[in-house]
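Trainee: I would like to learn how to read the features of a model with the sequence and the structure side by side. Could you take me through some of them, giving the general idea and then the case here?

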Amino acid sequence: MEKANHGREFLAGCDSVSYDHMKEMKAFDDTKAGVKGVVDAGALSRIPRIFVRPQDELANDERFFMSSKGDFSVNGKFVTPVIDLKGVLPMNKINDDYDQQRHNEIVSEIRHASETWGFFQLINHGIPKTVMDEMMTGVKRFHEQDVEAKKPLYSRDPNKKVVYFNTHFHFHKARYAEWKDSLVCRMLSPDPIDPEDLPNTSRDIMLEYTRHLICLGDILIELLSEGLRLHPQHLKGLDCTKNLVNIGHYYPACPEPELTLGGGKHSDPTFFTILLQDDIGGLQFLHQDYWVGVTPVPGALLVNIGDLLQVISNERFKSAEHRVVANFTGPRISMASFFSGSKTSTKLYGPLKELFSSENDDRPLYKDITIKEYLEVYHSKGLNVLSHFRL
């Protein structure tokens, strides 16, 4: 009964004639029940006002062609690339299954996808389907447990190893609340997390999935390095995979999906991100003024280029803005895994000098920055972060 009361008290405030947006945002946050708590409070025919996007933002959507149901193509133009890693896993050139020609083709496919789209899907990536399925179940199990069990983890402190919250860290600066709840686990920072810090609802599978993920991350950073025509170990040597944060998202079914978003428009504060998602869909990325919907491929993982890789590649690789639309169907479950450098390091990241030659007129587009400097701007601005660092 107490679980439902949290949501009912909040809903009563949102229906008030004298609506105060910031007051209601705080009231919602204080429940520590998330969107799941609002849904559990009773049947909803409308979403509370704090979740409704401002009119100017809704109107702005009309400038973009909407593609909310899967990949969109015009004469085959807009289709999220699917790249098959079979033949390069494991990346051991003395292995009988290793195929050098296929390896070169994969590097070329990743290069093209990273330069053109900033998004691509991977199949035959080496992570067993049973592990991926159980990871999805573990995320769902955490979010669907009693709210009182989740409350001790509710926090917006970006320095805590494990937190649960709604929307994002800069919630109180947001113009609206997003229709999702999130579990954040800092698996490498850069030291491995103490397993006892993880919630017991998903501890074992989180550790197992992460072990597979680290191996795939090491392979992917080599392929991305080769995609930039650098030595396979070059980017790894820059500690681009030193930090790993797993975020398990839970998007409840929404009665008015056209008025809100599961995740607002943003780019990722990473070198690259690997996304595990269910079959509901809803992820879109912005490409040539089109919102391109990504159709989930069974067994696939989605990869997107982050801001930091755009910086060091001097925009050869693109960090595409993306978002998640809300849906009548739910819950949608996903696990986003963010690979980055250490925010405590003094290492500077800027356009790599190895990418420039005396034969062209290329110039650095960004100044050198630390991870800490980037994150400070990211958490304060949220959008258009890289514009702050352009030369």
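Mentor: What follows goes through strands, a helix, backbone angles, aromatic rings and a contact, in that order. This is a predicted model, in which local features need pLDDT of at least 70 and side-chain atom pairs count only at pLDDT 80 or more, while totals for chains, interfaces and linings use all residues. Residues are numbered from 1 along each chain as its sequence is written, and side-chain values use heavy atoms, with hydrogens and water left out.

Trainee: Which strands are joined to strand 10 by bridges?

Mentor: Two strands pair if DSSP finds at least two bridges between them. Strand 2 (residues 119-123) runs antiparallel to strand 10 and is joined to it by 4 bridges, with Phe-119 standing opposite Asn-304. Strand 7 (residues 272-277) is also antiparallel to strand 10 and joined to it by 4 bridges, and here Leu-275 has Leu-302 as its bridge partner.

Trainee: How is the span of helix 8 to be read?

Mentor: The expected span of a helix is 1.5 Å times one less than its number of residues. Helix 8, residues 203-227, has 25 residues and reaches 35 Å from its first C-alpha to its last, which is close to the 36 Å expected. Just after this helix, Arg-229 takes a positive phi of about 65°.

Trainee: Which other residues have a positive phi without being glycine?

Mentor: Among them is Asp-289, with a phi of about 65°, in the loop between strand 8 (283-287) and strand 9 (290-293). Asp-289 is partly exposed, at a relative accessible area of 46%. Glu-315 has a positive phi near 70° and lies in the loop between helix 9 (307-312) and strand 11.

Trainee: Where are cis peptide bonds found?

Mentor: One joins Ser-189 and Pro-190, with omega at about -10°, and Pro-190 lies in the loop between strand 4 (181-188) and helix 8. The bond from Gly-330 to Pro-331 is also cis, with omega near 5°, and Pro-331 is placed in the loop between strand 11 (322-325) and strand 12 (332-340).

Trainee: How many aromatic pairs are there?

Mentor: Rings of Phe, Tyr and Trp (its six-membered ring) pair if their centres lie within 6.5 Å; planes under 30 degrees apart count as stacked, over 60 as edge-to-face and the rest as tilted. By this rule the count comes to 10 aromatic pairs. In one of them, the rings of Phe-119 and Phe-285 have centres 4.6 Å apart and planes at 10°, so the pair is stacked. This pair links distant parts of the chain, with Phe-119 in strand 2 and Phe-285 in strand 8, 166 residues apart. Phe-119 is buried at a relative accessible area of 0%, and Phe-285 likewise counts as buried at 0%. The rings of Tyr-374 and Tyr-378 have centres 6.0 Å apart and planes at 25°, so this pair is stacked. Both tyrosines lie in helix 10 (residues 371-381), 4 residues apart, about one turn of the helix, and both are buried.

Trainee: Which charged ends sit over a ring?

Mentor: A charge sits over a ring if NZ of Lys or CZ of Arg is within 6 Å of the ring centre and within 35 degrees of the ring normal. Arg-323 has its charged end over the ring of Trp-291, 4.2 Å from the centre, and Arg-390 has its charged end over the ring of Tyr-366, 5.3 Å from the centre.

Trainee: Is Lys-173 buried or exposed, and what is it in contact with?

Mentor: Lys-173, in the loop between strand 3 (162-166) and strand 4, is exposed, with a relative accessible area of 61%. Contact means heavy atoms within 4.5 Å, and, leaving aside neighbours within four places in sequence, Lys-173 is in contact with His-379 and Ser-380. Lys-173 and Ser-380 are 207 residues apart in sequence and 8.9 Å apart in space, C-alpha to C-alpha.

How values were computed:
Helix = DSSP H or I, 4+ residues; strand = E, 2+ residues; numbered from the N terminus. Buried < 20%, exposed > 50% of the residue type's maximum accessible area, 1.4 Å probe, protein only.
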